[in-house]
Amino acid sequence: MTPLLSIDDLTVQLSVEGDLRTVLHGVSLEISAGEAVGLVGESGSGKSMTARAVSRILPSGAVTFGSISFDGRDVSALRGGALRQYRGEVAMIFQDPRAHTNPVRTIGDFMTEALRTNRGVPGVEARRRAAALLEEVGITEGDRRLRQHPHELSSGMLQRVMIATALLTEPRLLLADEPTTALDVTTQAEVMAILDDLRRERGLALLFITHDLELAGAVCDRTAVMYAGQIVEVQAAGTLHDRPRHPYTAALVAARPRIDAMATRLAAIPGRPLSAFEAPAGCAFATRCLHVQDRCREARPALRPLGDGVVRCIRAEELVGV
Amino acid sequence: MSEAVLVVTDLRKEYGTLVAVDDVSFRVESGRSLAIVGESGSGKTTVARMIIGLERATAGTIRALGRDRSTPARAGGERRRRGAEVQIVFQDPYSSLDPRQTIADAISEVLRLHGGQQTVGELCELVGLDERQSRALPRNLSGGQRQRVAIARALAAEPRVLILDESVAALDVSIQAQVLNLLADIRAETGVSYVLISHDLAVVRQLTDDCVVMQHGRIVERGPTGQVLDHPAEAYTQLLRASVPGPGWKPVRRVRV
Amino acid sequence: MSVPGLRGTGLLGHVCAAVIVLALIVGAVGAWIAPHDPDFVDLDLAYVGPFADHLIGFDGRGRDLLSRLLAGARTSLLGPVAVVAVAVTVGTLLAVAAAWFGGMFDTIVSAALDVLFAFPGILIAIVVAAVFGPSLRSAVLALAVAYTPYIARVLRGSALRERAQLYIAALEVQGLAAVAICVRHLIPNILGLIVAQGAVLFGYAMVDLAAISFLGLGVQTPQADWGVMVSEGRNGVLQGYPLESLAAGLCIVVVVVAVNLLGERLTDRAQRGAR
């Protein structure tokens, strides 16, 4: 079966004050139809940049190598009508819904804009569909909500509106960039539940970007862990937390305080997260890894199969269970 | 029972007709740490701002080291004394440092203000900043390093109570662990008491002895942190606890709005 | 290659700065490097064109024009400098005080400034000239009063943003006095915008002062001053000898354009630097 989305050896460089800086380095990832994949990493890891590359909203001046294909189409070659159609098939929701709405326009205008302008759906019909989707994300009185403005809605409610809006064009892939990070925990649980339900009902594929390994584990089929612009590990979401194969994943799990017990001392990772352009020549994690050896610094390890997943560490087998 | 370093009694704050904080009371014993747990709009940050004097309480009293601080300080000496009793580290490490001031200057300004015995070097060492970093401007430091500076600057006043207003919430997981360990070390070394304002129950567990849970401006549950988190008695605390992702956790749809 | 204070203003910024520095040097030493006595009258030479070392000829009373331009630079530049110094100082104090205290104080100050803002500088100048008599000092006073609300309003926004930064709150909690926080932290952090706005105002002040002198309400003849020279040159223009008005006008335009361009670039830079 061919995957729905296939990212192959994607490298992205951004122009910063005249210099080209690598932010993604050889990222390869596939998502099948209906599959939920988590993309987990710290700041600078490149997780958001990956989603932006997929949705073709990279900053201007970005240089891209490698390929992204969606349903057999080369995403970088899409222009005009084909690009508009692609954007209907791949929807995106963001961390800060308020920043992505226009405060002077109503929820109804915002939700139906893409349908009316790109698909030529009549206004009345578009509003009917919008109201029906609001109902599905748990917002009642849809007609009244459509007449409201963003400031009249709480952040959690607005994020539900964003989810409903993303679903209006009946996409096949949803890119969700930290959609619940700015929300309270109880609201987060609610929004995640809605997202999870709707995704399953519609057979929608999901790329879920988060810094929270456990949240990704709860709603995704597979989880990819990123560090310094590279994917360092991918495996089944359910087992990643208890059986990490890359030292970075293991260190992330160990560093997080636990809700059910107080650690005498947290296993902090020394140093700070690096961006791709700062990473050393060998293994990108070598500067912070507890298990580093001289050979780790010699060459950049390849992403290779291990068990049911892939890992980018030459010592992965030896370190299992360490 | 040991000496109380901070006693808050019947604290109330109104903004017009909105009651942001309602009938909040708690005490922090010397060397112990208290978490104020809640979500946005719970009033937890307003409580912190009243304790440090950035907001004035509508009613109720706040006493630190036995001295009242419910009303604004008039004289400079009184302001400095209060500064040496209770300090705060804010959530945002980016706006909490003067962008034009080097790290060493920021710390020594506070040391001069309070006439402290410590040196800039000692404080930097305490929070794990090296000589080169102390000469840097904030924009050349990472978020985690800036938060260490904010901690050092607060400690320069030699406070007995340090309020941590979501101080590790904006940090990456690997950095958050470093700062949490640092806070534990500082507490062991100086005996300072923490008041942690947080929505993150795992961080609360790691750093505090006792906690109060706030909802809609009121305290709904209180007790030793371990007990409250393991056996939450109130429905709201149970909901909070159940909303935290963990092994085997699945998000469940609750109510319709 | 870049002068530290001008970083990010581009080549044009540097050229403008060079023009301004040159103008200031002329303002400082112009009276001494003038080839002739700027006040020496020889009616036989009235409206005579350039010859020998009289590079741009003579005015209607036979005074050497180049010497009058060089000598007049001082009052022409001193006036705007004084206006900017007073307006920027008072405007900054009002803006910072309004941002710091907020609430009722801010409301009252803002309302008062809005009312004052409604009066044009020239109108205030006429009133001040009527009360204190026409002089450079009256004109400067009038323009300072007219410009203060403008600068205070622009700076109040930045001061409010800076006031809301957490480092200010942290220093308050430490017990540092409000004046110390403002002088050591808040004002230095909006200084870029203060300087930039001062430069923009300097250009306006120069034009307005020239206009006031032109109307006879500012600098008085026979004092050499570019604004006065434009005014005195009127008769020459009508008789076909436009050199006096043109030369003085050109001096004003060159300095104003240089200052305004630099001011705009400094403002852009200050706003780019703001988070």
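Trainee: Among contacts in chain C between residues at least 6 apart in sequence, what percentage join residues at least 24 apart?

Mentor: In chain C, 69% of those contacts join residues at least 24 apart, a contact being two residues whose C-beta atoms, placed from the backbone, lie within 7 Å. This is a predicted model, in which local features need pLDDT of at least 70 and side-chain atom pairs count only at pLDDT 80 or more, while totals for chains, interfaces and linings use all residues. Residues are numbered from 1 along each chain as its sequence is written, and chains are lettered from A and ligands numbered from 1 in the order in which they are written.

Trainee: How many helices and strands does chain C have?

Mentor: Chain C has ten helices and zero strands (DSSP runs, H or I of at least four residues for helices and E of at least two for strands, numbered from the N terminus), and its C-alpha trace spans about 75 × 50 × 25 Å along the principal axes.

Trainee: At what angle do α10 of chain A and α7 of chain B pack?

Mentor: Two packed helices are described by the angle and the distance between their axes. Here α10(A), residues 247–255, and α7(B), residues 173–190, pack at about 45° with axes 9 Å apart. A251(A), L252(A) and A255(A) meet V173(B), S174(B) and A177(B), and the residues of this contact divide into five nonpolar, one polar and no charged (nonpolar being Ala, Val, Leu, Ile, Met, Phe, Trp, Tyr, Cys and Pro, charged Asp, Glu, Lys and Arg, and polar the others, Gly among them).

Trainee: In what order do the four strands of the open sheet in chain B run?

Mentor: Their order is β2-β1-β4-β5, with antiparallel pairing (at least two DSSP bridges between two strands), and the edge strands are β2 (18–29) and β5 (67–68) of chain B.

How values were computed:
Axes fitted to C-alpha atoms, helices over the stretch in contact; angles between N-to-C directions.
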